[in-house]
Amino acid sequence: MNNVCEEQQYSSIFSTHSKTVFNFIYYKFGNEEKAHDAVQEAFVKLWENCSKVTPDKAKSYLFTVANNLYLNVLKAEKVKLKYADRHTHTTTYESPEFVLEEKQFEDKLNNALNSLPENQRTTFLLNRIDGKKYAEIAEMEGVSVKAIEKRMHLALKYLREHIDGI
Amino acid sequence: MQENYLAKWLNNELTEEELATFKKSAEYASYEKIAKASNKLKAPEFDQNKAWEQLKDKTKTNRASKVVVLNPFKNFLRVAAVIAILLTGSYFFLNSLDQTYESQLAQQTELVLPDNSEIVLNAASKVSFSEKKWDKKRAVALDGEAFFKVAKGKKFTVTTSSGKIAVLGTQFNVKNRDGLFTVSCFEGLVSVTYNSKEIKLPAGNSFTVINGNVSKGTAQRNGQPSWLNKESSFTSTPLEYVLAEFERQFNIKVETQNINTNKLFTGTFSNSDINLALKSISTPTQIRFKLGKEKVLFYDENTP
């Protein structure tokens, strides 16, 4: 039987998709702990239903489950994203003014991202951080590629309008 | 500019011409800045190995219960449910069935009904009734011969293949053998329905149907059928029925040779002493007999 009950099949699905599921939920709701839980629950569900899910359906199954889990719980909570420290190994030759300016810009970008509508933020970050193609994001969200392009377009527009000084 | 050109731009899908136009626009610099800055963003650390270990713990318990505990238990429940249904089903089915009492050949059986009415079954007879519904309906089905002592109460009916007998409280005998149907009333009043005709039978009367011929006779008031005293009595009964009764009482096979079994017989034979009984039958009818181990042969006196 071609399903994900096979240990090897299951673990390879985990290593391929667990990080993306984590990010997906994190971008949506800005809650690291809940994103961890979502990964656990989505994969437990996948295991429980392993006989009914074929490997090629496993990916969209995971995202649907993860999304549904926190759809109602976290919608109301205020999103506060934080990102891993990007400046751990900075040996820059740039002027302090430039560094400061850049830092300020990043803060503004963060604020704007936090206030971005959830589906636009998720699309934008999956593309920018995870390098996901529009088609992939469309599959995760269960919408058309065109809809993802629209979200991307609107996200960029919104960010530009909400970052002061540009 | 095409639809969603910002998304296309990030994906390098703009035509050269469009790109040139876009680069000239005032916003281009800001978008470039956003794209560059967002490129440097990183998601929080995700420890995949730790998550995998956690997950394994969770699915392991799941797996164990799935294979070892859940399934056999489910199967057990399934079997148990089926058995429970069968048991309750058969309990109700058997309960709804009538109780049946039977007497063997050369045997009498006495039984007391729930309302203390009594039934005595003569040899090779059978009654059945519903004990559950006895309070609502006093009804028994009879095959053979039986004496009834009915306690006073609601209508008491005896159904036989020949006719139906209804009483309120009385003592009577019903004999229903192949071709022979006799009801004798010893006390009270008995109502006999035969061929959908109702006949009232007061105490001291009997009603007999032999091969469809109805006749009326007498019965001893406050008496008992003779068979309760281990005797079989007959009044103008064809010999064939007398011999059939003899067979039942002694559990022996009767054979006849050159004998007119339609000959009427009036008399009594003992149900306990076979030699005496044989004499009681043979002497008045002038028939000879030979008693073997398992059968009796009756033959004409004149036959050599």
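**Chain A against chain B, and the largest pocket**

Student: Across the interface of chain A and chain B, how many residue pairs are in polar contact?
Tutor: This is a predicted model. Both residues of a pair must be at pLDDT 80 or more. On that basis, the residue pairs in polar contact across the interface of chain A and chain B number 14.

Student: Which helix gives the most to the side of chain A that touches chain B?
Tutor: Five helices of chain A each supply at least two residues: H1 (7–29), H2 (32–48), H4 (96–115), H5 (118–128) and H7 (145–162). By class, that side of chain A has 23 nonpolar, nine polar and 15 charged residues. With eleven residues, the top contributor is H1(A).

Student: Which residue of chain B forms a salt bridge with A:Glu149?
Tutor: The rule finds one salt bridge across this interface. Its closest N and O atoms are 3.1 Å apart. The partner of A:Glu149 is B:Lys8.

Student: What area is buried between chain A and chain B?
Tutor: Chain A brings 47 residues to the contact, and chain B brings 36. Carbon and sulfur atoms give 63% of the buried area. The total is about 4,000 Å².

Student: Which strand gives the most to the lining of the largest pocket?
Tutor: The pocket has a volume of about 690 Å³. Of its 29 lining residues, the closest to the centre are B:Thr182, B:Ser184, B:Ser233, B:Phe234 and B:Thr235. The lining has seven nonpolar, 17 polar and five charged residues. Seven residues of the lining come from the leading strand, E14(B).

Note on methods
Residues numbered from 1 in each chain as written. Chains lettered and ligands numbered in written order. Predicted model: local features only at pLDDT ≥ 70, side-chain atom pairs only at ≥ 80, totals over all residues. Heavy atoms only, no water. Contact = heavy atoms within 4.5 Å. Buried area = accessible area lost by both parts, 1.4 Å probe. Salt bridge = Lys/Arg side-chain N within 4 Å of Asp/Glu carboxyl O. Polar contact = N/O pair within 3.5 Å; in protein donor to acceptor, adjacent residues only side chain to side chain. Helix = DSSP H or I, 4+ residues; strand = E, 2+ residues; numbered from the N terminus. Nonpolar A, V, L, I, M, F, W, Y, C, P; charged D, E, K, R; others polar. 1 Å grid on protein atoms, 1.4 Å probe; cavity = no way out; pocket = protein on both sides within 12 Å on 5 of 7 lines; lining within 4 Å. Points joined across faces, edges and corners; volume = space filled by probe spheres on them.
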